[in-house]
Amino acid sequence: DVIALQEISSKGAVANLVRKLKGWTGLFTTSPSGTMSLAYLYKNSEIELVDSETEAIYTSDNYAFPRPPFKIKVRHKPSGREVYLINVHLKAMSDATSQSRRRDAASKLKKYIDENLDKEPVVVLGDFNDKISTSGSQMFSALYNDKVNYRFADMHIAMGSSTNFSYPSWPSHIDHILITNELFEDVDTVMVYKPEVCAPDYREEATDHRPVVMFFK
């Protein structure tokens with residue numbers, strides 16, 4: 001019902017995609033980052049946007065966030081349930097500086113949620129550019145260690161077989177879905193789709209990342 005996208009080139013690219021998707025709406029970030037910008041798609045029959053909550057955060061902090069996180073609030077029409085989504089694309093590469101920038105990002109994401117969205121259901125999703133099974137437990141320790149309030153819903157994938165990882169060319173699992181405790185009991189299934197099974201040219205024509213998907217009960 002909602003898809004978070006990274007590495008989107010322009011608002012026009014989102015509009016072009018939406019024209020091919022009957023019944024969907026697209027949102028381009030309020031703080032573009034060139035060809036590496038963030039976006040959302042949502043299904044009109046299921047989801048409506050709470051416009052007042054649409055914004056990019058940490059727009060002046062290029063060290064932690066080379067692509068400012070893109071926050072929206074959506075309402076599930078059939079149930080009335082409202083959820084905040086924060087789309088992220090953190091700094092890549094394995095050098096010490098890049099790792100420090102990801103650690104800083106994790107701390108600041110936690111700070112933002114704790115101070116602004118306390119008691120609200122929040123999903124942080126996208127390309128974290130690091131693992132959570134080993135190095136990620138240190139890289140994202142601010143979130144990882146607060147198990148009362150935060151949980152990586154895809155941890156079982158990170159701890160499992162590499163055949164199910166989101167970034168098969170490495171292989172590694174670096175695309176994650178983080179949830180706050182308001183949603184702990186609502187998660188039904190989290191999985192990685194393998195589009196290349198049906199579309200052999202998927203990695204060459206679309207992206208070398210696979211989608212990570214979460215279903216609510």
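Reply: In this predicted model, Phe70 has Asn87, in E7, as its bridge partner. Two strands count as paired if DSSP finds at least two bridges between them. Strands themselves are DSSP runs (E, at least two residues), and helices are runs of H or I (at least four residues), both numbered from the N terminus. E6 and E7 have six bridges, and the pairing is antiparallel.

Strand E4, residues 47–49, pairs with E6 in the antiparallel sense over three bridges. Look for Ile47 here: its bridge partner in E6 is His76. Strand E5, residues 55–56, also pairs with E6, again antiparallel, this time over two bridges. In that pairing, Glu55 stands opposite Lys71 of E6.

How covered is E6? Mostly: of its seven residues, five are buried, where buried means under 20% relative accessible area with a 1.4 Å probe and protein chains only.

E6, spanning 70–76, also takes part in the lining of the largest pocket, as one of the elements giving two or more residues to it. Here a pocket is an open set of points on a 1 Å grid where a 1.4 Å probe fits, with protein on both sides within 12 Å along at least five of seven lines; lining residues have an atom within 4 Å of a point. This lining has 46 residues, and Val2, Ile3, Ala4, Leu125 and Val212 lie nearest the pocket's centre. Other elements that give two or more include E7 (82–89), helix H1 (11–19) and strand E1 (2–8). E1 provides the largest share, seven residues.

From E1 you can move on to another sheet. E1, E3 and E2 form an open antiparallel sheet in the order E1-E3-E2. Its edge strands are E1 and E2 (24–28), each pairing on one side only. E2 pairs with E3 (residues 37–43) over five antiparallel bridges, and Phe28 stands opposite Ala39 in E3.

A note on reading all this: residue numbers start from 1 along each chain as its sequence is written, and side-chain values use heavy atoms, leaving out hydrogens and water. Local features need pLDDT of at least 70 and side-chain atom pairs count only at pLDDT 80 or more, while totals for chains, interfaces and linings use all residues.

Methods: Buried means under 20% relative accessible area, exposed over 50%, partly exposed in between (1.4 Å probe, protein chains only).
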